[in-house]
Amino acid sequence: MNLTQARAALQQARRVAVLTGAGVSAESGIPTFRDAQTGYWARFRPEDLASPEAYRRDPQTVWQWYASRYKAVTRAQPNAAHRLLAELEREKGEGFFLATQNVDGLHTRAGSERLVELHGNLTTARCERCGAVTPLPAPDTFTPPPICPACGDPMRPNVVWFGELLSRHALEAATRAFQDADVALIVGTSGVVYPAAGLAPETRRAGGVVIEVNPEKTELTPDMSFSVRDVASRGLAALLHG
């Protein structure tokens, strides 16, 4: 398959499923989890900041880390890749589905509506006692931890930590969408984090076309129908507009 054929397949597809990773938000200036561990935070292991054990041991430090990331995310703006995917959703309507590994909320801010956030959203908090999910206050006025408005307990960051399972509802919805897709787009993800990395093979097994957009080869590249070797914004523009 070449670029012209990939573009035609996407244009003709009635059902399109998309998986996005950190490469989509990189153009908005949002670093990956590990790249964000600079300065003071470089002394910590990832598990010391993003695990249930770390939160039970030192909730204040964990919240300080996530509050700093939350502040950075609110300053960032959706980029052309986010907007192109929102445009594709408007074109495909109910035949579109987006699953993202990103926790920054930029897809929603760009206008995407038919999506699941597989790893959560760091602009919200979740109560472990009653399950309530609420937006965080504005970063300039936010003093963690937030208190649950429903039951009064302290709330935790609404993200999936090391050792935790993804939302069953979100993963099942994503799996169904990729199984049913005529075309799947895998954009800006290295393909090493499971179970998200297992979505693309669902489309291939069902006979669909799988197109990768990534400047580098990934673990998923051998299973792709076609790969666009470019950053997310330019690669998607090449597929959607030529």
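I began with helix α7 (residues 168-180), which lies across β1, β2 (96-100), β3 and β7 and runs at about 130 degrees to β2; contact here means heavy atoms within 4.5 Å. Axes are lines fitted to C-alpha atoms, for helices over the stretch in contact, with angles from 0 to 180 degrees between N-to-C directions. Helices (H or I, at least four residues) and strands (E, at least two) are DSSP runs numbered from the N terminus.

I noted that this is a predicted model, in which local features need pLDDT of at least 70, side-chain atom pairs count only at pLDDT 80 or more, and totals for chains, interfaces and linings use all residues. Residues are numbered from 1 along each chain as its sequence is written, and side-chain values use heavy atoms, with hydrogens and water left out.

I then looked up the parallel sheet, an open one of six strands in the order β3-β2-β1-β7-β8-β9, where two strands pair if DSSP finds at least two bridges between them. Its edge strands, β3 (115-117) and β9 (226-228), each pair on one side only, and the twist averages 15 degrees from one strand to the next. Within it I found β1 (residues 16-20) joined to β7 (residues 183-187) by five bridges, with Ala17 opposite Ala184.

I turned next to the antiparallel open sheet, whose three strands follow the order β5-β4-β6. Because β5 (133-135) and β6 (156-159) stand at the edges with a single partner strand each, one side of each has no neighbour in the sheet. Neighbouring strands here are turned by 55 degrees against each other on average, direction ignored. I saw that β4 (residues 120-126) pairs with β6 over three bridges, and that Gly120 stands opposite Val159 in β6.
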